[in-house]
Amino acid sequence: MYTLYYSPGTASMAVHLALIEIAAPHRLERVDFDSQAQRSDAYLRLNPLGQVPTLVIDGRPYTESAALLMMLADRHPEARLAPPPRTAERNSWYQWQLYLSNVLGAGFRHWFYPADLGSKEHPPTVRAALQARIEGAFAQLDARLAANGPYILGERLSTADLQLIMYMRWSRNMPRTALDWPALNRFAALLRGRDSWQQLCDIENLSEWRGP
Ligand SMILES: N[C@@H](CCC(=O)N[C@@H](CS)C(=O)NCC(=O)O)C(=O)O
């Protein structure tokens, strides 16, 4: 039994989606951002950064959405959400999980949390630079999917796709949304057409960007 500390629509989404895809028994603990519960002493003991997600596995808390996805994929090989070890596909999986986290994950973190960069609101030049970085990553991923889709690793769904669809959703109110890129748009139709995505939206009570 896993315990996922989550907040609806945030970086915990991809991990929640993986738990649903895997059909792994889990308990959800909502971290109430409105009351700043992520900064409570009890939560900081689990996750000293005061962020979600935190996933408790065998009694120990772990953090970082990409790492949690990779742990889950490895712990449940029957779900086939990662290619077998020591294959070329596995190498690509490592590469894209890290790319997503380092570029899109970090880019969105800065986009949504100007305080991380020391201001209440981003100066226009910083906002433009972050937007360009996020759009640049979407262009890269669109090219990858156009050449080698329909999923990031080709024919088979992996945890990298679960992470990507989460970041795509976060772009929904940006000047240019991820759905503007044609291969990403087709990818969104595939991912949002899955029962797991619809279940996730139901459980987290998300009405925006549910898709078809
Ligand atoms: N690199 C982390 C980022 C986690 C993160 O930034 N979580 C945000 C929600 S999307 C959060 O907990 N924000 C609350 C806060 O910083 O106060 C991951 O991917 O797990």
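Where does the ligand sit? In this predicted model, the ligand sits in the largest pocket, a molecule being so placed if more than half of its atoms lie within 2 Å of the grid points. Local features need pLDDT of at least 70 and side-chain atom pairs pLDDT 80 or more, whereas totals for chains, interfaces and linings use all residues of the predicted model. Residues are numbered from 1 along each chain as its sequence is written, and side-chain values use heavy atoms, without hydrogens and water.

The largest pocket holds about 900 Å³ of space. A pocket is an open set of points on a 1 Å grid over the protein atoms alone, where a 1.4 Å probe fits, with protein on both sides within 12 Å along at least five of seven lines; lining residues have an atom within 4 Å of a point. The lining comprises 33 residues, with A11, V52, R109, Y113 and W170 nearest the centre. Of the helices (DSSP runs of H or I, at least four residues), α4 (88-112) and α6 (159-170) each contribute at least two lining residues, and α4 gives the most, with 8.

Around the ligand are 14 residues, the closest being R39, E64, S65, R109 and Y113; a residue is counted if one of its heavy atoms lies within 4 Å. Polar contacts (pairs of N or O atoms within 3.5 Å) involve ligand oxygen atoms at 2.7 Å from the side chain of R39 and at 2.6 Å from that of S65. A polar side-chain atom of E64 lies 2.7 Å from a ligand nitrogen atom. The protein covers 87% of the 510 Å² of accessible area (Shrake-Rupley method, 1.4 Å probe) that the ligand has on its own.

Note on methods
Points joined across faces, edges and corners; volume = space filled by probe spheres on them. Polar contact = N/O pair within 3.5 Å; in protein donor to acceptor, adjacent residues only side chain to side chain.
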